[in-house]
There are 2 protein chains.
Amino acid sequence: MTTGPIMGSEKVYLEVEDPDFGRTLRVPQRRVGLSNGSHIDLYDTSGPYTDAASSTTIDVHAGLARTREAWINDRTPVNGAVTQLAYAKAGVITPEMRFIAAREGMDPDFVRSEVAIGRAVIPANRRHPESEPMIIGKNFLVKINANIGNSAVTSSVAEEVEKMVWASRWGADTIMDLSTGKRIHETREWILRNSPVPVGTVPIYQALEKVNGDPAELTWEIYRDTIIEQAEQGVDYMTVHAGVLLRYVPLTAKRVTGIVSRGGSIMAAWCLAHHKESFLYTHYEELCEIFREYDITFSLGDGLRPGSIADANDEAQFAELRTLGELTHIAREHDVQVMIEGPGHVPLHKIAENVRLEEELCGEAPFYTLGPLATDIAPGYDHITSAIGAAQIAWHGTAMLCYVTPKEHLGLPNRDDVKTGVITYKLAAHSADLAKGHPRAQEWDDTLSQARFEFRWQDQFHLALDPETAQSFHDETLPAEPAKTAHFCSMCGPKFCSMKITQDVRKYAEENGLSTVEAIEKGMQDKSEEFADQGKRVYLPITD
Amino acid sequence: MTTGPIMGSEKVYLEVEDPDFGRTLRVPQRRVGLSNGSHIDLYDTSGPYTDAASSTTIDVHAGLARTREAWINDRTPVNGAVTQLAYAKAGVITPEMRFIAAREGMDPDFVRSEVAIGRAVIPANRRHPESEPMIIGKNFLVKINANIGNSAVTSSVAEEVEKMVWASRWGADTIMDLSTGKRIHETREWILRNSPVPVGTVPIYQALEKVNGDPAELTWEIYRDTIIEQAEQGVDYMTVHAGVLLRYVPLTAKRVTGIVSRGGSIMAAWCLAHHKESFLYTHYEELCEIFREYDITFSLGDGLRPGSIADANDEAQFAELRTLGELTHIAREHDVQVMIEGPGHVPLHKIAENVRLEEELCGEAPFYTLGPLATDIAPGYDHITSAIGAAQIAWHGTAMLCYVTPKEHLGLPNRDDVKTGVITYKLAAHSADLAKGHPRAQEWDDTLSQARFEFRWQDQFHLALDPETAQSFHDETLPAEPAKTAHFCSMCGPKFCSMKITQDVRKYAEENGLSTVEAIEKGMQDKSEEFADQGKRVYLPITD
């Protein structure tokens, strides 16, 4: 497995007192130390794997420390429920909420109140005590999910565990195990015991394996047993396509790309084969009971999401969304947390409508979208076409973005693709954090830009989302050590470096005992008559 | 040089009659033939290099055919001017306009009228008769520019010509030669004689070389002579930082990243050194006279554009924009075409304001922006951070996007970086075309998505912006020939393929002599009482 600190960073822990439960919580942060003696602490999803002090002793067979176990055992159910939602409604600030508040730089009671009204969820199965609590909601940092999982065609268990470590190293806030091949149970067990981030699944995939791939053979009992099996293992959230109703299937008949959700197409096939309503829908309240017992979060799947620009925002999509709204309210009555999955493929001008409708119909449950891709014409670059849509939809309020890799529509992502997908989605999510004015977002940009302006090349690399790539791109043109401190870069050379010139101007002013503004003001004053004579131009007052 | 058709495409020519000048114009298109016998014709920037019939006979020493020469020689000046703007105002539809109308699928007189009011420009120096006419304006397809050019540090003339061919092959609508090193004149000459797309420059770079890199030594005369030298060679548009006024420089003093435009910093340094107003500003009308003679388009540079999120939309930036507005109107009085350069680094929520102000202050002159980057934290991925901003700003009305490569801020782009930058910007531009509802935009997406749904893998590759990458990504997992026709892909395998299931459903219906909708309707009718009994759910009427 990949362990050790990210280049230029170290793991530090905020120590947070929890007066209600009498504990000290240790909240991880990624600290980037700078050459000017300062530092910045960044949100850190990577778990113990990047902690130099402990990463060497991680035993993948033993799994990570079960930190939350004591928290869970200590507390008594509220109205028979052990969910974060039940506690939040009852006014209890759980250790998870306090941990999250420190991580996000928010007030603990604000975290509680957002969970209480269902505008945020904390996916944390009580059987996954290894996880570091995190929150998904529009008033917090935008989160990203990375899909991993073996398929019928390729890959192995060890590879999938390493993909989880790898994805969370680069910033995945949750991972989804979408395995569809052999050893689904075993793969998931290894991932869960070693995952510091919440793990999601789409249980219908495993259920379908149990009936040898024939959707018509699926039954509620087989599905329910699969849910319980995964719940016991500790899956934190599950995608359930309970909104694919029989009567919606015809709405997809004239689409350019029909049904593109795997789960959606399986349920549509089942409904048609039996001419009955989906068992996910008819047994939904039983599902809620199971989810409540473990505190599993619903991720209500958009089985009828558009798979092309042509199909975006159509009747099939929005009919299903209305049903997801109904299901959201039912789950909440059971004290079960809910988020709503969203598209898919949507052109830029139709994105805002998706968020508006989701919030209206689903009581502001966190929206969790796959991209969306803003065009269909660029297979091989769909991490980018989707990042364009993802940044846009997250700005409008989507709480979590499911990543898309360069291999989307073409093949299975390899290790590099997973990293590219994660970094691309981190930058899209951060762009939205900036646009939403998250109080801690811009400090990162400003710190990096200041380093850039001052030619602190190493600081610039270390502050980058992907320090290794930033440095290697720089070194491709100018590998020698002096270039790391050069006051210009390979793009412009010394004569044309705009930042160098700007700095020279500032230096000139300082050497003359003046601030830059004063230096220029003085010079302008000397020449003021010249300017006055040119009266035909607008004169702007100088601000300070 | 790279020649020959793009994989899966052939060059075809629309033959367009020009009744006014008695000629037949040949307008190139990229035709993608599909395995189902149909085809789609796409906008094509790649010139004769991708024409199988002629590309083998191209002689780089002789240059491309001077097709426009006869057009230019045939016509008489209007009011002493030979510019497209002068003709447009006089009601003349030039062959360039007619060529463009066919290329864009627009009415020729609409092209003329957009040019006449200055909302679109046709950069076409009469000394660059090798170029294929194109238009930049918000009511046309969004265009992209690729920067090439040697630097003081690396690269050669042959490399730069190949970069031009390479960039236009993948879709660059214009290229800018930003050479700053040795042999600037010679490099530019080779590029121009072989370029099917308009070429832009930033003449201050060459002027600065002539004074050995000391901005204080620049003079109007040196600059003017450089302009004329480049005009004679055929440069189609020139970036002029005439809006960087002495009094604006102090406005940048407290910025995080000061002045980041090279041209802007050079002019700021000159202004401060002399405590005089910029010679670009004081001699602006003389510049207009020279530009008019050749029909060079002004690209009024944003020398004070923000270089970081922190500096976006500040007073320095918008003060300069107001001055660019003044200069726009002066140029138009001289019948000279104008576009306006824009930022830079701007968070998503501040992007729309840039377009609004530019249109208001600069009389809707085409906006030509560099990205903008939506965050600063991802060096190594700035093609993506900027594509997010670029798609957004183009949707709001930016007419041309200057590409950014993965090497931005770090080093000089190589061949792969140029391609990545161009493809990334094509997909951003196309996303905006879709969002703006350009009449011909969505056909491309729909054709590709239809191919995807029908598992026509080769068609999907050929329709991709980058067919080679799409195919190689597919072949990484499933290289064997049968996979090219498989009705599933490596992502899901045969059991889980949603499109396969959807198709099975449709096939089932067809085999039973029913359309899908009818099949399902019939089934539902049989079961209608069951549904009626479940009255608590919303029932949606089935549409057809």
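Mentor: Let's begin with Arg26(B): its charged end sits over the ring of Tyr13(B), 4.0 Å from the ring centre. Keep in mind that this is a predicted model.

Trainee: OK. And over which ring does the charged end of Arg415(A) sit?

Mentor: That one is Trp166(A), and the charged end of Arg415(A) is 3.6 Å from the ring centre.

Trainee: How many aromatic pairs does the structure hold over all chains?

Mentor: There are 20 of them, counting over all chains. One of these is Trp457(B) with Phe461(B), a tilted pair with 6.2 Å from centre to centre and 45° between the planes.

Trainee: Why are Trp457(B) and Phe461(B) separated by about one helical turn?

Mentor: Because they are 4 residues apart in helix α17 of chain B, which covers residues 457-463.

Trainee: Is Trp457(B) buried or exposed? And Phe461(B), buried or exposed?

Mentor: Trp457(B) has 3% relative accessibility, so it counts as buried. Phe461(B) is at 0%, so it counts as buried too.

Trainee: Which residues form an aromatic cluster in chain A?

Mentor: Trp220(A), Tyr223(A), Trp270(A) and Phe279(A) form one.

Trainee: Switching to helix packing. At what angle do α11 and α12 of chain B pack?

Mentor: About 45°, with the axes 10 Å apart; α11(B) spans residues 284-294 and α12(B) spans 315-333. The two helices are therefore oblique to each other, and α11(B) passes α12(B) in a right-handed crossing.

Trainee: Which residues make the contact?

Mentor: From α11(B) you have Tyr284(B), Glu285(B) and Cys288(B), and from α12(B) there are Leu327(B), Ile330(B) and Ala331(B).

Trainee: Over to chain A, then. Which residues of helix α6 are buried there?

Mentor: In α6(A), residues 184-194, the buried ones are Ile184(A), Thr187(A), Arg188(A), Ile191(A), Leu192(A), Arg193(A) and Asn194(A).

Trainee: What covers the buried residues of α6(A)?

Mentor: The cover includes strands β6 (143-148), β7 (174-177) and β8 (199-201) of chain A, along with helices α5 (157-170), α7 (203-210) and α8 (220-233) of chain A.

Trainee: Now the backbone. Which residues does a cis peptide bond join in chain A?

Mentor: Gly371(A) and Pro372(A), with omega at about 10°. Pro372(A) is in the loop between β12 (367-370) and α14 (382-396) of chain A.

Trainee: What about the peptide bond from Gly371(B) to Pro372(B), cis or trans?

Mentor: Cis, with omega near 10°. Look for Pro372(B) in the loop between β12 (367-370) and α14 (382-396) of chain B.

Trainee: Is Phe455(B) buried or exposed?

Mentor: Buried, with a relative accessible area of 6%.

Terms used. Residues numbered from 1 in each chain as written. Chains lettered and ligands numbered in written order. Predicted model: local features only at pLDDT ≥ 70, side-chain atom pairs only at ≥ 80, totals over all residues. Heavy atoms only, no water. Phe/Tyr/Trp six-rings, centres within 6.5 Å; stacked < 30°, edge-to-face > 60°. Buried < 20%, exposed > 50% of the residue type's maximum accessible area, 1.4 Å probe, protein only. Lys NZ or Arg CZ within 6 Å of the ring centre and 35° of its normal. Axes fitted to C-alpha atoms, helices over the stretch in contact; angles between N-to-C directions. Parallel < 35°, antiparallel > 145°, perpendicular 65-115°, else oblique. Left-handed = near helix turned anticlockwise from the far one by under 90°. Contact = heavy atoms within 4.5 Å.
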